[in-house]
Each structure stands twice: as structure tokens, then as C-alpha cells.
Amino acid sequence: QLQLVESGGGSVQPGGSLRLSCAASGVTLDGVTLDYYAIGWFRQAPGKEREGVSCISDSDGTTYYADSVKGRFTISRDNAKNTVYLQMDSLKPEDTAVYYCAAQHQKYISDRNALRAADFRSWGRGTQVTVSS
């Protein structure tokens, strides 16, 4: 079972930066490695639905971003370390939320659902990001 653990959250002032990490471990049921998985970042603020923030595909590294974070957030992956990163710059108070990473086998993810939480199978427990002055 693929296991995901987020880290790197915290409190920051508006305009600041944070880098979130999503570390994957465990052997999947079919023995494939993280190389075969699309990894997404999602967030959920109090009283709001979980929303897609960014996603990175498997080996070709295609990236997707929500309009609200384009130009400010950057997703990347290091398959050798089984880790995906989300660099968040120019943070705004509206970025405050619990951030989750999630994984799904690449064959089920395309540009039509890369930011759709319901289509991702494995989830971490989340890390809190608070942007406040």
C-alpha cells in the first residue's frame, strides 16, 4: 500500500514562501514504483471543499496548476527520493488551508481530472499552512 507523508507546513506572513514535501513509501499492490504515479496537491480551508492545487504526471513531468496559484506555486518531483515538492511563493492569506498530497496511477489521470480530488486513491494526512500578518 502506497503511503504518503506531507511536511513543510507552517505559519508565514503574506508574501512569504514555504516548500511542502510529500514523501512516498510502501510497496504498491502491483509492485510498481512512484515513477508510475501522478501526484497531486490539494488543499482544504475550514468550511470549504477540498480543491486541487497542482499535479505532476509520472515520467514525463507534465504539470497542472489551479488558476489561483499559477505563477506562484511550482510542483516538482524527485523519483529517486520518492518525493514530490510544492514550492509556494508570494503566499496570500487565502492560501491558508490544510494541504494534502495524493497519488493515483498515471493511467487514470489526464488533463481532465488532474485536479479532481475524487479521482485520487492514496492520501496523506495533511500539513497546515497559515498565511497571516
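Q: In the hairpin of β7 and β8, which residue takes a positive phi?
A: In this predicted model, N82 takes a positive phi near 50 degrees, and the hairpin has 4 residues between its strands. Strands here are DSSP runs of E with at least two residues, numbered from the N terminus. Residues are numbered from 1 along each chain as its sequence is written. Local features need pLDDT of at least 70.

Q: How many bridges join β7 to β8?
A: Strands of a sheet pair through backbone hydrogen bonds, either parallel or antiparallel. Two strands count as paired if DSSP finds at least two bridges between them. Strand β7 (residues 73-78) runs antiparallel to β8, with 6 bridges joining them. D78 has T83 of β8 as its bridge partner.

Q: In which sense do β3 and β8 pair?
A: Strand β3 (residues 18-25) pairs with β8 in the antiparallel sense, over 6 bridges. For L20, the bridge partner in β8 is L86.

Q: What is the order of the strands in the open sheet?
A: The 4 strands follow the order β1-β3-β8-β7, with antiparallel pairing. Strands β1 (3-7) and β7 are the edge strands, as each pairs on one side only.

Q: Why is β8 described as largely enclosed by the rest of the structure?
A: A residue is buried under 20% relative accessible area, exposed over 50% and partly exposed in between (1.4 Å probe, protein chains only). In strand β8 (residues 83-88), 5 of the 6 residues are buried, so β8 is largely enclosed by the rest of the structure.

Methods
This is a predicted model: local features need pLDDT of at least 70, side-chain atom pairs count only at pLDDT 80 or more; totals for chains, interfaces and linings use all residues. Side-chain values use heavy atoms; hydrogens and water are left out.
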